Amino acid sequence: MAFPTGTESSTTLASLIPALWGERINDFFKCALDIAPFFTDRSAELSGGGSVLYTPNLTEMSANAKVNATAVTLNQPTETKITLTVDQWYEVSFAIEDREAATVKHSYALQERYAKNAGYTIARKLESAIAALFSGFSTVVGASTTNITDSDIRAAIATLETNCVEGIYQGEVAFIMHPNTIWRQLQNIDKFSLAINSPVNDPTAKKPAAYLYGLPVISSNLVPNVASTNGRYNVLVHKDAIHYATAPLGAGGSMSGSMVGSMGVRVQSHYVPEYLSTVTTADILFGVIENRDNAGVAIMTHATAA
């Protein structure tokens with residue numbers, strides 16, 4: 001027989017069909033923070049206080065010919081110093097009142113998630129400040145209107161070797177490049193991408209090894225743009241080219257009980273009774289400085305691909 005008409009539908013049963021908040025949550029994607037850990041961290045020197053670090057620069061003396069029965073020629077170099085000032089203070093804060101804390105789905109662990117996210121955002125502020133110094137290196141290869149070339153890479157390496165930079169092949173020197181430079185430009189150069197030239201780097205089988213001429217490559221989307229152009233400042237640098245330091249802020253201004261994570265980020269929560277609210281803050285106090293200009297080379301490229 002024919003099926004009867006007037007059966008129940010999603011429309012007639014709408015008041016009985018629940019709309020549920022699932023157990024999963026879509027947190028924002030976080031880029032790896034690899035720039036700051038590469039460079040020289042001077043934070044330990046501020047453990048006893050202070051906001052300014054001086055680093056003396058010693059210059060090479062001159063060799064002079066010695067003539068019998070004459071006095072030696074004295075060197076009298078005038079030395080300079082690098083000043084690292086720790087004065088950049090940033091914070092990320094949020095407050096959740098008791099009613100909202102009680103009613104938000106508990107499995108989301110919102111307070112913990114927000115605290116971790118705030119800490120990440122603050123740490124990224126330090127990474128950005130370091131990357132902003134890339135444009136300050138006086139030696140530049142390449143151009144903001146072109147793709148990176150093999151000759152640019154070799155010129156950068158040659159510059160550091162000419163400057164007698166130490167530890168080039170002992171893990172103290174690395175390329176720091178934007179993902180666009182790596183994937184849209186570098187991997188377009190046959191020498192670095194064809195399996196016939198580099199079997200272990202077969203780009204169709206696996207991610208290419210992050211090395212160029214034996215030097216590691218760090219990928220970061222914080223590599224800065226060239227002002228007023230569609231270019232990018234990638235670099236080849238020694239870890240001593242840039243110094244940074246974070247100050248030990250302590251917890252609640254007491255300088256004790258501090259919950260400080262990597263890269264000097266402090267995260268703390270306080271309950272405020274008059275507002276029936278928990279306030280959480282992640283903050284950092286830091287300074288950055290270009291320490292050795294001749295230990296870095298800016299590699300200018302097009303921001304995406306020419």
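**View 1. Residues 254-258 of the predicted model have pLDDT under 50**. For residues 254-258 the model has seven contacts beyond four places in sequence, a contact being heavy atoms within 4.5 Å. pLDDT is the predictor's confidence in each residue, from 0 to 100. Where pLDDT is low, the predicted coordinates should not be read in detail. The protein averages a pLDDT of 91, and 91% of the residues score at least 70. As the model is predicted, local features need pLDDT of at least 70 and side-chain atom pairs count only at pLDDT 80 or more, while totals for chains, interfaces and linings use all residues. Residues are numbered from 1 along each chain as its sequence is written, and side-chain values use heavy atoms, with hydrogens and water left out.

**View 2. The largest nonpolar core has 36 residues**. A nonpolar core is a set of buried Ala, Val, Leu, Ile, Met, Phe, Trp, Tyr and Cys residues joined through side-chain atoms within 4.5 Å; buried means under 20% relative accessible area, exposed over 50%, and partly exposed in between (1.4 Å probe, protein chains only). I35, F39, L126, I130, F134, I176 and V237 touch the most other members. Elements giving two or more residues include helix 1 (35-38), strand 6 (173-177) and strand 10 (231-238). Helix 3 contributes the most, eight residues. Helices (H or I, at least four residues) and strands (E, at least two) are DSSP runs, numbered from the N terminus. Beyond four places in sequence, the contacts of V237 include F38, F39, F137 and I176.

**View 3. L236 belongs to a second, separate core of 21 residues**. This core also includes I153, F192 and V297. L236 is in strand 10 and is buried, with a relative accessible area of 0%. Among its contacts beyond four places in sequence are A156, L160, F175, L215, V297 and I299.

**View 4. A109 and L276 are residues other than glycine with positive phi**. A109 has phi near 45° and is in the loop between helix 2 (98-103) and helix 3. L276, with phi of about 45°, lies in the loop between strand 12 (266-272) and strand 13. A109 is partly exposed at 31% relative accessible area, and L276 is partly exposed at 49%. Most residues other than glycine have a negative phi.
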